[in-house]
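Here is a short tour for anyone meeting this structure for the first time. Have a look at the sequence and the model, then read on.

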Amino acid sequence: MKIIVMGGGCANCKRLLQMVNHTVEKLGIDAEVSYVTDFAEIAKSGVMRTPALFIDGKLLSAGPVPPLSEIEEMIAKANK
Amino acid sequence: MQIIKDIFAWMNDQLLKMLWLDDIVKWLFGRVFGISETSAAYSFLTFFFYDVIKILILLSVLIFISSWIQSRFTPERSRAIMSKFKGLPANIIGALLGTVTPFCSCSSIPIFIGFTRAGLPVGVTFSFLISSPLVDLASVVLLASIFNWKIAIAYVLVGLIIAVIGGTLIGLFKMDKYVADFVKADGEVAMEEMPETVMTKKERAKYSWQQVTDIVKKVWPYLLIGVGIGALIHGFIPQNWIEAVLGDNNPFSVLIGTAVGIPMYADIFGTLPIAEALVLKGVGIGTVLSFMMAVTALSLPSIIMLRRVVKPKLLWTFVGIITVGIIAMGYLFNAFYIYLV
């Protein structure tokens, strides 16, 4: 599974990245988590609200950071 | 009519200005702890605790209400609305939408790119980006709580006018070509969008509550620092020092306030207590508002961020217009202050 967290490097983005890493470890999922801070890359994806969370190319969250339980749910669901 | 007036005055004093809290704090330090009411420590402590508690309560309530309203406005939706207008009306709509569209300051760059790629003129995007940190519901009510409603409303109008004029000038100067090359649409634009879902009342309440906890968690250090500085000014710095530098008799007071405020990076909630302390020490309202606007609208981190997506010419035009606007606003408020009390 490929997970991408996008954001300009603000506190919210780092928090989301942390939560994602934590979840991947907890669920023991084989996932490649990358953190994109380059605005040119972000622009290409068309995302306007950061932090954004992509799982396997699908945009699942943008803007407000979802609670940990929702992130776990998203990742577990994508892993099936 | 008198009853309605009395009810409004009561609500204003007790709910907005929280005079009951002021009484409790003063009673606690003066009577219970026995601190002399003329001492600097008493001024410092009463100011600090009254302000921290008052602002935290107001902040929580206001963020909840404004998030509730804002949950209807996403940047995608605002962009769609703005693209229907042209010329001056587009700038006005942009400035207005800037006040209600929620985003954290680090989203301003993706929003700038998203707007520009969708073909919105740079001037309209700037109207949006200028008004957004300057004016929002929470700061307006806090201004009314600390000063009065006339000043709060005047602040909103001036903030919007600066945003409209700033954006319009950037449009007139034909600045569209001065955005970074990668921002311009280059054919392979993915318009990735969250599926447009309508939030239920329950979801909106959940979202609003989450915003309250998020924002309070984020701003409390700024708030404590801001109130601390305000309380120090209130308790320990002699009035004549402050008046000499920032008083109405110093023709450069507005310039000094603006120059000090620009590089500073703080939230409006951290700035308000400093503003409050300065006004209590006799600084003109225009000088204080310039300082506040300079802190919130322009900061070194935001200028550095913006530099990554626009070329220097546009960047300095933007900074120049905002600076001149804020200074002009300051002198106007100082000149017409008597009509606002």
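Let's start with contacts: two residues are in contact if their C-beta atoms, placed from the backbone, lie within 7 Å. Looking at contacts in chain A between residues at least 6 apart in sequence, 65% join residues at least 24 apart.

A word on what you're looking at: this is a predicted model, in which local features need pLDDT of at least 70 and side-chain atom pairs count only at pLDDT 80 or more, while totals for chains, interfaces and linings use all residues. Residues are numbered from 1 along each chain as its sequence is written, and chains are lettered from A and ligands numbered from 1 in the order in which they are written.

**Chain A as a whole**

Chain A has 3 helices and 4 strands; here helices (H or I, at least four residues) and strands (E, at least two) are DSSP runs, numbered from the N terminus. Going along the sequence, the pattern is β-α-β-α-β-β-α. The C-alpha atoms of chain A fill a box of roughly 30 × 20 × 15 Å along the principal axes. For 80 residues, a compact globule would have a radius of gyration near 12 Å, and chain A agrees, with 12 Å. That radius is taken over C-alpha atoms, and the globule rule is 2.2 Å times the number of residues to the power 0.38.

How much of chain A counts as buried? The share is 38% of its 80 residues. Buried means 20 or more other C-beta atoms within 10 Å of a residue's own, exposed means 12 or fewer, and partly exposed is in between, with C-beta atoms placed from the backbone.

**Where the chains meet**

On chain A, 20 residues are in contact with 26 residues of chain B. The elements giving two or more residues to this side of chain A are α1 (11-27), α2 (39-45) and β4 (58-62). The largest share, 6 residues, comes from α2(A).

Most residues other than glycine have a negative phi, and most peptide bonds are trans.

| Residue | Phi | Place |

Asp56(A) is exposed, with 12 other C-beta atoms within 10 Å, whereas Met18(B) is partly exposed, with 19 C-beta neighbours inside 10 Å.

The peptide bond from Thr50(A) to Pro51(A) is cis, with omega near -5°. Pro51(A) sits in the loop between α2 and β3 (52-55) of chain A.
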